[in-house]
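Hi everyone, thanks for making time.

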Amino acid sequence: MAYIYLPISILIFFLLIPFISLIIKTPLNIIVAEITSSPAINALLLSIISSSVTVVITFLFGTPLAYYIAFKKGKISTFAEYLVDIPAVLPPAVAGIALLMAFGREGIIGKFLSSIGIQISFTVIAVILAQIFISSTYYIKVAYSSFMSVDRTIWEESQLIGVNDFKLMTAIYIPITKRFLITGLISTWARAIGEFGATIIFAGNLEGKTRTMPLAIYTAMQSDLNYALSLSVIMVMCSFIIIYLCRFMIKKDVDRS
């Protein structure tokens, strides 16, 4: 059994010790003092709001795409599947540059939008777009995998009797796979709230405007270690609480069914 417990213990220790070190190195009075500062509150609110909007948009647009990939076989769905996978392996900085070339002031689409008075880069919208680009893949991959795991005869028989795809997706597949979909949304949220590379390039690091918690921590590390530590502890606490609540809801749903 030592062959099993030894690697388990080492890995758990490795995953746990950074959090313990972070908490030990950050006295509670410093956390309380820093969390009440205006920059910290702004960064925290922006992170929570933007990542929540990202999750909602990802669900609304990602679910139909996942359904399409799962059931509409062909070149387009195969291409879409490859396209969805790319952000998962792409360096976030590259994603930020690509978004800037598309939606920046001189970008392919951004140039047109600028001509009619709409600016996306270096705004809150850019923060959300960067988060969607990087994190939506985590939900879509889980969604189409869970759709495909459902007995395929349900889909085939529904097609025979003429049930349209939207009704089939919303009335059958989403309820059946909702636990997996929630898990995918949690992963998307977690990745979105921690997004850094694409955001700093595409949205900038403007205090009170586009500075999310990861960017605030990065900025604080250059001048105020206590502030950076406090924000990091707050991020850990928020992440733990939200993930715990989501898992609690999933467990409650499992126990009820």
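Predicted model: local features only at pLDDT ≥ 70, side-chain atom pairs only at ≥ 80, totals over all residues.

Let's begin with helix H9, residues 165–176, and helix H3, residues 38–71. Their axes come within 11 Å and cross at roughly 100°, so H3 is roughly perpendicular to H9.

Which residues meet there? On the H3 side we have Phe-59, Thr-63, Pro-64, Tyr-67 and Phe-71. Their partners in H9 are Asp-165, Leu-168, Met-169, Tyr-173 and Ile-174. Sorted by class, this contact holds eight nonpolar residues, one polar and one charged.

Now, which residues of H9 are buried? They are Leu-168, Met-169, Tyr-173 and Ile-174. These residues cover an arc of only 140° around the axis, so they sit on the same side of H9. As a reminder, an α-helix has 3.6 residues a turn, so residues three or four places apart point the same way.

And what do the buried residues of H9 pack against? Besides H3, they pack against helix H7 (124–149), helix H8 (152–160) and helix H10 (178–193).

Take a look at the start of H9, too: a side-chain oxygen of Asn-164 comes to within 3.1 Å of the backbone nitrogen of Phe-166.

Finally, let's move over to helix H7, where you'll find Ser-135. Is Ser-135 buried or exposed? Its relative accessibility is 0%, so Ser-135 counts as buried. Setting aside neighbours within four places in sequence, Ser-135 is in contact with Thr-54, Thr-188, Arg-191 and Ala-192.

How values were computed:
Residues numbered from 1 in each chain as written. Heavy atoms only, no water. Axes fitted to C-alpha atoms, helices over the stretch in contact; angles between N-to-C directions. Helix = DSSP H or I, 4+ residues; strand = E, 2+ residues; numbered from the N terminus. Parallel < 35°, antiparallel > 145°, perpendicular 65-115°, else oblique. Contact = heavy atoms within 4.5 Å. Nonpolar A, V, L, I, M, F, W, Y, C, P; charged D, E, K, R; others polar. Buried < 20%, exposed > 50% of the residue type's maximum accessible area, 1.4 Å probe, protein only. Arc of directions from axis to C-beta. Polar contact = N/O pair within 3.5 Å; in protein donor to acceptor, adjacent residues only side chain to side chain.
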